[in-house]
Amino acid sequence: MGAAMSVVDCGGKPLDLSRAQVMGVLNVTPDSFSDGGCFLSHPVALERALQMVAEGAAIIDIGGESTRPGSIAVAAAEEIRRVVPLIEVLAPRISVPISVDTSKPAVMRAAAAAGAGFINDVRALREPGALEAAHDVALPVCLMHMLGEPGTMQQAPHYAEVVDEVAGFLRARVRACLEAGILRERLVLDPGFGFGKTLAHNLSLLRHLERIVDLGLPVLAGISRKSMIGALLDREVGDRLAGSLAAAAIAVVKGAKIIRAHDVAATVEAVKVASAVLATGGG
Ligand code: 7PJ
C-alpha cells in the first residue's frame, strides 16, 4: 500500500496514517480520572484543543462519557449536551479531524452532524443501533476491545490467552462491520489497554502488538497515564509522563499508527524518535 492510500478521509479532513500520529485526549466529563473537571467549560476546552493541535496532534478525541474503571454510564442526551456544542465551535477552527469517544448511536449521529470526523468506540459498535449509525455517518471508526463493562471490568479479568482472544474479538467485530456495509478502509483497531486487563495482560498485548497490527488495519494504542504505568512505576496519575512516553515509543516500533495521549507535545516527540528508527533502512 502506498503512502497516498494511507490517508484516511475523516469527513473531509485528512488523517495521514503513512506514519504514526498522536490523538490528543480532551475529556468533557466531570469524573475523567486524569484531567477530570479541568476542561469542562467550553472556552477552556476550546483553548486546550487548539493547544493540542499546535503541539502536533493529528486528531482530537472528545469524550463525554467516562469509561474509567468503576465509572457510571450517562444518558445519551447528557453526552450530547457535553460534546456537541464543543464540536460545533471547534470543527471550523481546526484543520485536523475531531474524534468522538462514544458508544451511543444517537451521540455518533449528533457528533457527525456537528462536524466530527471519526468515531472512537470502546465497545466496538456492539450497542444496539451502533453499526447502523456508523454505517450511516460514513466516518472512520476505531473498534476497541473491552472485556466486560467499565463498572466491573477490572474485577479479576481472565483470559486463556489474552493476545489470541483480543485478536479474535477484533477480527469478529471487523466481520460484523463489513456485514453491516461499513467499508474496511474506514476501520481502525485497538486492543484496549486497561479495559478488563491485568498488568500482565496489558504487558502481553504491548509485547505482541504486532499480532494486532498483522490483522491488516491501522492500530490505535491508548496507554497514556494508565494504571499499568502507575503499577510499574508506583506513580500517581499526574506523574506518569515518562512511563507513558516509553510505552508510546514501543507501540510505534511495534507498528501502531495512532497514539492516544494526554500530553501531546511530549508524545509527538517520542513518536518522532520511534518513527525515525522505523523509517531507517539498511543494516
Ligand atoms: C481509550 C479510549 C483507549 C480508545 C479511553 C483513558 C481512559 N479509546 N478511551 N483506546 N481509553 N480507542 O483515557 O485512559 O485506550 S478512556
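This is a predicted model: local features need pLDDT of at least 70, side-chain atom pairs count only at pLDDT 80 or more; totals for chains, interfaces and linings use all residues.
## About the model

Local features here need pLDDT of at least 70 and side-chain atom pairs count only at pLDDT 80 or more, while totals for chains, interfaces and linings use all residues. Residues are numbered from 1 along each chain as its sequence is written, and side-chain values use heavy atoms, leaving out hydrogens and water.

Let's start with S5, residues 98–101; helices (H or I, at least four residues) and strands (E, at least two) are DSSP runs numbered from the N terminus. Ile 98 and Val 100 on one side, and Ser 99 and Asp 101 on the other, are all buried (under 20% relative accessible area, 1.4 Å probe, protein chains only).

S5 pairs in the parallel sense with S4 (residues 59–63) over four bridges, where pairing takes at least two DSSP bridges. Within this pairing, Val 100 lies opposite Ile 62. S5 also has a parallel pairing with S6 (residues 118–121), over three bridges, and there Ser 99 has Phe 118 as its bridge partner.

## The crossovers

From S5 the chain passes through helix H3 (residues 105–114) to S6 in a right-handed β-α-β crossover: with the strands pointing away from the viewer, the path from the first strand over the helix to the second runs clockwise. S4, helix H2 (residues 76–90) and S5 likewise form a right-handed β-α-β unit.

## Glu 79 in helix H2

Helix H2 holds Glu 79, which is buried at a relative accessible area of 0%. Its side chain makes a polar contact of 2.5 Å with that of Lys 104 (N or O atoms within 3.5 Å, one able to donate a hydrogen and the other to accept it; residues adjacent in sequence count only if both atoms are side-chain atoms).

Leaving aside residues up to four places away in sequence, Glu 79 touches several others, including Gly 64, Asp 101 and Val 107 (heavy atoms within 4.5 Å).

Definitions and conventions
Buried means under 20% relative accessible area, exposed over 50%, partly exposed in between (1.4 Å probe, protein chains only).
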